[in-house]
Amino acid sequence: MAGRPVQSLFGYAKATLWNIEVEDAAIATLQFRNGAVGVIEATTTAYQVPDRHVITIYAEKGTVTLTGDAITDFNLADKSIELPEFGPFFISDGHEAQIRDMVYAIREGRDPGIPGEETVHALEIILGTYESSRLGQQIVFDQPDAAANR
């Protein structure tokens with residue numbers, strides 16, 4: 001979502017408040033290969049959390065916020081813009097839309113909206129956060145194209 005690939009991360013994931021079998025809070029600090037940094041925070045323990053996810057991307061020339069399935073804030077440096085009308089992004093609870101798209105892709109003999117190859121790096125970040133939390137150390141990801149850059 002904010003560029004890729006992630007080169008390394010340091011993460012914490014734990015059950016801090018609720019007596020459940022999975023973590024209720026997770027944080028990962030990301031170092032991207034291009035030098036950018038990022039933070040992912042996820043929790044079910046914060047007071048008055050909205051019932052929809054909020055994603056904000058801050059960059060050197062602008063900021064965009066996605067709340068639920070709508071862009072709710074869009075600002076560019078040195079430009080005044082009116083927030084245009086955007087169609088829904090079809091992000092749903094429990095990955096329902098992704099699963100439905102996958103089923104229809106099989107039925108219709110087409111590629112899914114998000115190819116499986118595109119999900120690998122996201123899964124690496126999630127699993128890397130768990131591993132970093134377990135080990136208490138930074139996780140550095142393999143760089144498969146490093147040999148090609150020599």
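**Exercise 1. Helix 2 from end to end**

How many residues has helix 2, and what does helix 2 reach from its first C-alpha to its last?

*Solution.* Start with the ground rules. This is a predicted model: local features need pLDDT of at least 70, side-chain atom pairs count only at pLDDT 80 or more, and totals for chains, interfaces and linings use all residues. Residues are numbered from 1 along each chain as its sequence is written, and side-chain values use heavy atoms, with hydrogens and water left out.

Step 1. Helices (H or I, at least four residues) and strands (E, at least two) are DSSP runs, numbered from the N terminus.

Step 2. Count. Helix 2 has 20 residues.

Step 3. Work out the expected span. The rule is 1.5 Å times one less than the number of residues. For helix 2 this gives 28 Å.

Step 4. Compare. Helix 2 reaches 28 Å from first C-alpha to last, close to the expected value.

Step 5. Look past the end. G136 follows helix 2 and has a positive phi, near 70°.

**Exercise 2. The buried side of helix 2**

Which residues of helix 2 are buried, and what covers them?

*Solution.* Step 1. Set the cut-offs. Buried means under 20% relative accessible area, exposed over 50%, and partly exposed in between (1.4 Å probe, protein chains only).

Step 1. Read off the buried residues. In helix 2 they are H121, I125, G128, T129 and S132.

Step 2. Find the cover. It includes strand 1, strand 2, strand 3 (37–43) and strand 7 (139–140).

Step 3. Contrast with G116, also in helix 2. G116 is partly exposed because its relative accessible area is 46%.

**Exercise 3. Salt bridges**

How many salt bridges does the structure hold?

*Solution.* Step 1. Define the term. A salt bridge is a side-chain nitrogen of Lys or Arg within 4 Å of a carboxyl oxygen of Asp or Glu.

Step 1. Count. The structure holds three.

Step 2. Take R110. Its side chain meets that of D101 at 3.0 Å, N to O. The side chain of R110 also meets that of E108, at 2.7 Å, N to O.

Step 3. R110 counts as partly exposed because its relative accessibility is 34%. D101 is partly exposed too, at 24%.

Step 4. Take R134. Its side chain meets that of E131 at 2.9 Å, N to O. Both residues lie in helix 2 (residues 116–135), three residues apart, about one turn of the helix. R134 is exposed, at 60%. E131 is partly exposed, at 30%.

Step 5. Look for shared partners. Salt bridges that share partners join D101, E108 and R110 into one network.

**Exercise 4. Two loop residues**

Where do L17 and D78 lie?

*Solution.* Step 1. L17 lies in the loop between strand 1 (6–14) and strand 2 (25–32). L17 is exposed because its relative accessible area is 53%.

Step 1. D78 lies in the loop between strand 6 (70–76) and helix 1. D78 counts as exposed, at 82% relative accessibility.

Step 2. Check the backbone of D78. Its phi is near 60°, a positive value in a residue other than glycine.

Note on methods. Contact = heavy atoms within 4.5 Å.
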